[in-house]
Protein chains: 2
Amino acid sequence: MKGKKILLSEEDIPKYWYNILPDMPTQLSTPLHPQTQKPLTPDDLKIFPKAIIEQEMSSEKEIRIPDKVREIYSIWRPSPLVRAYNLEKALGTPAKIYYKNESVSPAGSHKPNTAIAQAYYNKMEGVQTLTTETGAGQWGSALSLAGSLLGIDVRVYMVKVSYNQKPYRKSMIHAWGADVYASPSNKTQVGRNALEKDPNNPGTLGLAISEAIEDAVTHENTNYTLGSVLNHVLLHQTVIGLEAKKQLEMVGDYPDVILAPCGGGSNLGGIGLPFMRDKINGKDVKIVAVEPASCPTLTKGIFHYDYADVAKMTPLLLMYTLGHNFMPPSIHAGGLRYHGDSPILSQLRKDGLLDAVSYMQTEVFEAGLLFAKTEGIIPAPETCHAIKGAIEEAVKAKEEQKEKTILICFSGHGHFDMSSYDTYLSGDMKDYEYPEGKAKEALEYLPEI
Amino acid sequence: MKGKKILLSEEDIPKYWYNILPDMPTQLSTPLHPQTQKPLTPDDLKIFPKAIIEQEMSSEKEIRIPDKVREIYSIWRPSPLVRAYNLEKALGTPAKIYYKNESVSPAGSHKPNTAIAQAYYNKMEGVQTLTTETGAGQWGSALSLAGSLLGIDVRVYMVKVSYNQKPYRKSMIHAWGADVYASPSNKTQVGRNALEKDPNNPGTLGLAISEAIEDAVTHENTNYTLGSVLNHVLLHQTVIGLEAKKQLEMVGDYPDVILAPCGGGSNLGGIGLPFMRDKINGKDVKIVAVEPASCPTLTKGIFHYDYADVAKMTPLLLMYTLGHNFMPPSIHAGGLRYHGDSPILSQLRKDGLLDAVSYMQTEVFEAGLLFAKTEGIIPAPETCHAIKGAIEEAVKAKEEQKEKTILICFSGHGHFDMSSYDTYLSGDMKDYEYPEGKAKEALEYLPEI
């Protein structure tokens, strides 16, 4: 029998996260204060614990993972690396396809890798409550799990339209003992203002961010958390790539191409950065962000300072952006609907080290279903993007009759996204393509920096 | 760091299933023909492939698992055995609690262990289509997964009330390319008759069984499959207990008590029978069926020949039963709403080798939430029963200040049961208790045998 899964033992859970900041060919530009546009100081970041602020700016390449965090990781980590033999066979490709299965976490995605770490550091500094926003609910449920395991309260502001459409992510949050409010809510001034203007406001991620920040700022012992984009989030996610590298070594392999879905960048950074380190040092490996054609930040965005939220409350970050006022179409991969991108990944893209492609959502679901029917596991809509990218690479390898090793991040399962599969299977799914050159229009809304 | 998970490699997937039939102290009574009440012959079972009929009556203790089945098992098997340190700590118990995590299969439960095997044997004998019934959808989705991986068509008759209330199990079935009909349907005569009498008939499992059997009988190259109760189903599930035994050996442990939820008996048989073999040979181990108080077949039923379905189409089986005409209250653990029980487990119960307890559904969900908050994973309502039983054993061990090793079958996750958690958390969940002695009333409906 050919072995499918490459497994590590719990002792192999990495002891250090990999921090790419000191290795980057171009140093990361400093975030700027949203009002003064002056470089941000640690004082401006007081909604985060000190340990996180240090990590956000650290020049250490290796940052020790606390024992308690490793212990909680061990509930599901190391995650399996799996050879997708059946998918390869269905495609008739000479390429090898491996997927790193992050769907095995109790929350069903890679998000707990950073949620556990963030909850831990906050707990250590005496914080009693964490606030956050969530769109489709993957991040909100991951933070709730972390809060439950580390004994810290969690309040989640969930975009109202998702709150109503995805009731079971909300149930998960409740099951882990956290509170979740439909945003806009009457819990914050910014929420009350929005409701006063329009009691039926369906909410946006930007508004939910503003509510979560206001909640943290106006309550004692309460901090804010973010599930993607920032440096410390990508840092925590590097356990994915560090494990995958070790697992590939065990079978004497190394990827020619690595693909991951990319919204804010946390799972792409997680699987990709430990290999990017090799690439910076001359290794030939292609690392690819797979984006939705409707929100193609890295493929069609502009590289510019922009706000991370709609309400312009967050610092200005130098990144690829479609403009903070861009409202992506409500595609089914809710986790990829973000106007900006991680500053780290943006700079690597700018420097020509990171590739990016984009696909329509119908072709992405078609790929996801082929995976489900051959490999068994039903992927999250976000994950389907990486699968589509891998299939394209494998088909190319077949045409060229070239062996090739493909590695993807299987970021999550689709158990809470089955209504999206229903839409696809009924033939009612629509495609949206972001027009070429449209991102330039955003420039007039951006500060001249 | 204390190791949580005890992992085996793919080579450790058992090569043989364990067949308890030749080891049973009392030989199993022959099933009887539903009309003639004469012992069943292999000819009466033509809706199953020959290999399955042989297994149903085999006197071989070890039955070889086909390579292809082991290869598909390797998508998720061997499943982890996990030490529930956090739950132990929360209970302050000296007991060790291990759970065998069967929720890691792509369908989210132990059901694929037999679905894969059944689909394989049918495929080998040239069958093109499999039919089955499903209540809450765990079995229907598992068989659809198997059909997809083995290239065999699947038609599922899903009880209409579940079809409407649990839409996402239906979506899963569709994602794997199978067909699913709300039962009663207009696809069969028995379905059309039911709809003619009452177009709003909500369906029952008994009716769905009748539809699936009629479909198989009236179509070429079409066979029927069952997901629990029968000997071959329990046989296939013994991979659970065989692996768990090996995993406990690796840490030098052996269970004092084993608990599993019990509806038709497939996961209890799966984890329990390899240890029952030891018990029959004199080993001191307690094996416990955990039942819902509303449907306590082994705790309050009578030991008698009865039909496996409401429509009296199936053979008569000697088992504990609450009567084939008993309609269990619509509790949230849909998989445990069955009037009868596996003949193997029933006979072992009759012979005093199997223990049984029952709990109310609110206390069962309370236990499940404690597990979710301490161990992370949200259990299926069925699985919560085993957890409740384990907690009771662990609390007893605390009171007696006795070390004890507890093993449970974590049969599935609750991702498709979140509305049940909502009901519990809202305080609206009701309890039902089956009255003492009521099962005797069923006798008047049963044939005198």
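A: What follows is a chat about the interface, the sheets and some backbone details.

Q: Before we start, what kind of model is it, and how are things numbered?

A: This is a predicted model, in which local features need pLDDT of at least 70 and side-chain atom pairs count only at pLDDT 80 or more, while totals for chains, interfaces and linings use all residues. Residues are numbered from 1 along each chain as its sequence is written, chains are lettered from A and ligands numbered from 1 in the order in which they are written, and side-chain values use heavy atoms, with hydrogens and water left out.

Q: OK, how many residues of chain A are in contact with chain B?

A: On chain A there are 43 residues in contact with 43 residues of chain B, where contact means heavy atoms within 4.5 Å.

Q: And what area is buried between them?

A: About 3,900 Å² is buried between chain A and chain B, and carbon and sulfur atoms give 59% of that. Buried area here is the accessible area (1.4 Å probe) that two parts lose on being put together, summed over both.

Q: How many salt bridges cross the interface?

A: The rule finds 4 salt bridges across the interface of chain A and chain B, a salt bridge being a side-chain nitrogen of Lys or Arg within 4 Å of a carboxyl oxygen of Asp or Glu. One of the salt bridges joins the side chains of Lys5(A) and Glu10(B), at 3.4 Å from N to O.

Q: Which elements of chain A touch chain B?

A: Helix 2 (67–73), helix 5 (138–150), helix 7 (167–175), helix 15 (361–375) and helix 17 (418–425) of chain A each give two or more residues to that side. Helices (H or I, at least four residues) and strands (E, at least two) are DSSP runs, numbered from the N terminus.

Q: Switching topic, what order do the strands of the sheet in chain A take?

A: In chain A, 4 strands form an open sheet in the order 8-7-6-9, with parallel pairing; two strands pair if DSSP finds at least two bridges between them. Strand 8 (179–183) and strand 9 (222–224) of chain A are the edge strands, each pairing on one side only. Strand 7 (residues 153–159) and strand 8 of chain A run parallel and are joined by 5 bridges, and Val156(A) has Val180(A) in strand 8 as its bridge partner.

Q: Which helices pack on it?

A: Among them is helix 7 of chain A, which touches strand 7 and strand 8 and makes about 150° with the direction of strand 8. Helix 9 (residues 205–217) of chain A lies across strand 6 (129–134), strand 7, strand 8 and strand 9, running at about 170° to strand 6. For these angles, axes are lines fitted to C-alpha atoms, for helices over the stretch in contact, and angles run from 0 to 180 degrees between N-to-C directions.

Q: Last topic: which peptide bonds are cis?

A: Among them are the bond from Arg77(A) to Pro78(A), with omega near -10°, and the bond from Ser183(A) to Pro184(A), with omega near 5°. Pro78(A) is in the loop between helix 2 and strand 4 (81–83) of chain A, whereas Pro184(A) is in the loop between strand 8 and helix 8 (189–197) of chain A.

Q: And what about the phi of Val229(A)?

A: Val229(A) is not a glycine, yet has a positive phi of about 70°. Val229(A) is in the loop between strand 9 and helix 10 (231–237) of chain A.
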